Every structure is written in C-alpha cells, then in structure tokens.
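I opened this model to look up its pocket, its sheet and its helix packing. My entries follow.

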Amino acid sequence: MDCCHETIEFLGKRWMVRIIHVLLDGPKRYHEIYSAIPGISDKLLSQRLQELIDAHLVEKDYIEASLKKVSYTLTNKGYAFQKVICAFNDWQKL
C-alpha cells in the first residue's frame, strides 16, 4: 500500500480529523477534547488519542509532575496538518 493511501486511511478513521482540529487551538486536557466533540465515546477518544500519539502527531504531557493530570498537544507534524484541514474547507466551499 502506498504512503498516501495509508495516510488517508489513518486520518479517515472516525473523529481523527476532529480531534486534530480541536488541538489546533493549543494544548487541551482530556475532558476539554471530550467536551468539544459531541457524540464521541470515552473509549473511542482514548483509542484515537493513543493512535495519534503512536503516529507522532500528538504528545501527552504530564502537568505538575502528576501522572493523573495530563494535557495533549500537537507535535510539529500534527500542526502541519492544519494546511490540509484548510484545503479541505476550501474545497468543500466550491
């Protein structure tokens, strides 16, 4: 399978682009992401965040040296996806 197809398959998973879009505004705690995406299940959000971390699009940062308080932020690779989201938005308006 070619790289482009794999990328489209990965980002085409339900809620994946929406999670990235929420994180474009900056680091967010789990509950902030969850609240920003009506309809997503807790289990699926956890799964998608882990997939984004594994793909090096998102980083999980621990707040105040606590293992229970974390925030999620886009990596440089994740922020680069903003151009793609904008291109999709522009294309949709045609």
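**Pocket, sheet, helices**

I began with the largest pocket, where helix α1 (residues 3-11) supplies the largest share of the lining, 3 residues. The model is predicted: local features need pLDDT of at least 70 and side-chain atom pairs pLDDT 80 or more, while totals for chains, interfaces and linings use all residues. Numbering starts from 1 along each chain as its sequence is written, and side-chain values use heavy atoms, without hydrogens and water.

I noted the lining residues as T7, F10, L11, I20, A55, L57, K77 and F81. A pocket here is an open set of points on a 1 Å grid over the protein atoms alone, where a 1.4 Å probe fits, with protein on both sides within 12 Å along at least five of seven lines; lining residues have an atom within 4 Å of a point. I sorted the lining into 6 nonpolar, 1 polar and 1 charged residues.

Next I looked up the sheet, which is open, with 3 strands in the order β1-β3-β2 and antiparallel pairing. Pairing takes at least two DSSP bridges; strands are E runs of at least two residues, helices H or I runs of at least four. β1 (28-29) and β2 (58-62) are at the edges with a single partner strand each, so one side of each lacks a neighbour in the sheet.

Last, I checked α2 against helix α4 (residues 42-54): the axes, lines fitted to C-alpha atoms over the stretch in contact, come within 10 Å and cross at roughly 75°. They are therefore roughly perpendicular, a class that spans 65 to 115 degrees.

Key:
Ala, Val, Leu, Ile, Met, Phe, Trp, Tyr, Cys and Pro count as nonpolar, Asp, Glu, Lys and Arg as charged, and the others, Gly among them, as polar. Axes are lines fitted to C-alpha atoms, for helices over the stretch in contact, and angles run from 0 to 180 degrees between N-to-C directions. Angles under 35 degrees count as roughly parallel, over 145 as roughly antiparallel, 65 to 115 as roughly perpendicular and the rest as oblique.
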